[in-house]
Amino acid sequence: MEKRVFIYIDHIGNVLKRKTTDSSIIQSLPRAGDEVYDRVNNTSNSNVISGLVQRVQFDYLSGTVTIYVRIDV
């Protein structure tokens, strides 16, 4: 299993939200320019946010992929 860290940032680089998930390496990985969606809270009636992937950073030693997502607020 790899660990994925999604970091949601605004247009000037401030971190708005950070989310860590575990997933299979076989699952697809977003690339720069892809649009991703997430829930603001992990409840069924929470708002959905979307943003564009700015960059993907790999750390092979720890098995972590960090995905930076830009959200226009």
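# A guided tour of a five-strand chain

Begin by selecting strand 3, which has a covered face made of Val36 and Asp38 and an uncovered face made of Glu35, Tyr37 and Arg39. What you have open is a predicted model, in which local features need pLDDT of at least 70 and side-chain atom pairs count only at pLDDT 80 or more, while totals for chains, interfaces and linings use all residues. Residues are numbered from 1 along each chain as its sequence is written, and side-chain values use heavy atoms, with hydrogens and water left out.

## The whole chain

Show the protein chain as a cartoon, and you will find zero helices and five strands, which follow one another from the N terminus as β-β-β-β-β. These elements are DSSP runs numbered from the N terminus, where helices are H or I runs of at least four residues and strands are E runs of at least two.

Now switch to a surface view: the protein chain exposes about 5200 Å², and carbon and sulfur atoms supply 49% of that area. Accessible areas come from the Shrake-Rupley method with a 1.4 Å probe, and for residues only the protein chains shown count as cover. Of the 73 residues in the protein chain, 33% count as buried, where buried means under 20% relative accessible area, exposed means over 50%, and partly exposed lies in between (1.4 Å probe, protein chains only).

## Asp38 on strand 3

Return to strand 3 (residues 35–39) and select Asp38, which lies in that strand. Is Asp38 buried or exposed? Asp38 counts as buried because its relative accessibility is 8%. Display its side chain and look for two polar contacts, one of 3.2 Å to the side chain of Tyr8 and one of 2.9 Å to the side chain of Lys19. A polar contact is a pair of N or O atoms within 3.5 Å; within protein, one must be able to donate a hydrogen and the other to accept it, and residues adjacent in sequence count only if both atoms are side-chain atoms. If you leave aside neighbours within four places in sequence, Asp38 is in contact (heavy atoms within 4.5 Å) with Tyr8, Lys17, Lys19, Asn47, Val48 and Ile49.

Glu35 stands opposite Leu52 in strand 4, and Leu52 in turn stands opposite Arg70 in strand 5. Strand 5 (residues 64–70) pairs with strand 4 in the antiparallel sense over seven bridges. In the hairpin of these two strands, which has four residues between the strands, look for Gly63, which takes a positive phi near 70°.

Stay on strand 4 and select Ser50, which is found there and is partly exposed, with a relative accessible area of 30%. Ser50 and Glu35 are 15 residues apart in sequence, yet their C-alpha atoms are 6.8 Å apart in space, and a polar contact of 3.5 Å joins their side chains. Apart from neighbours within four places in sequence, Ser50 is in contact with Glu35, Val36, Tyr37 and Ile71.

## Val5 on strand 1

Move to strand 1 (residues 2–9), where Val5 is found. Val5 counts as buried because its relative accessibility is 8%. Which residues does Val5 touch, not counting those up to four places away in sequence? They are Arg18, Lys19, Thr20, Thr64, Val65, Thr66 and Ile67.

## The rings

Finally, colour the aromatic side chains: a search of the whole structure finds two aromatic pairs. Phe6 and Tyr8 form a stacked pair, 6.4 Å centre to centre with 15° between the planes, and both Phe6 and Tyr8 are buried. The rings of Phe58 and Tyr60 have centres 5.7 Å apart and planes at 5°, so this pair is stacked as well. Rings of Phe, Tyr and Trp (its six-membered ring) pair if their centres lie within 6.5 Å, with planes under 30 degrees apart counted as stacked, over 60 as edge-to-face and the rest as tilted. Phe58 is partly exposed, with a relative accessible area of 43%, whereas Tyr60, at 71% relative accessibility, counts as exposed.

For a last stop, select Arg55, which lies over the face of Tyr68 at 3.9 Å from the ring centre; a charge sits over a ring if NZ of Lys or CZ of Arg is within 6 Å of the ring centre and within 35 degrees of the ring normal.

Note on methods: Pairing = 2+ DSSP bridges.
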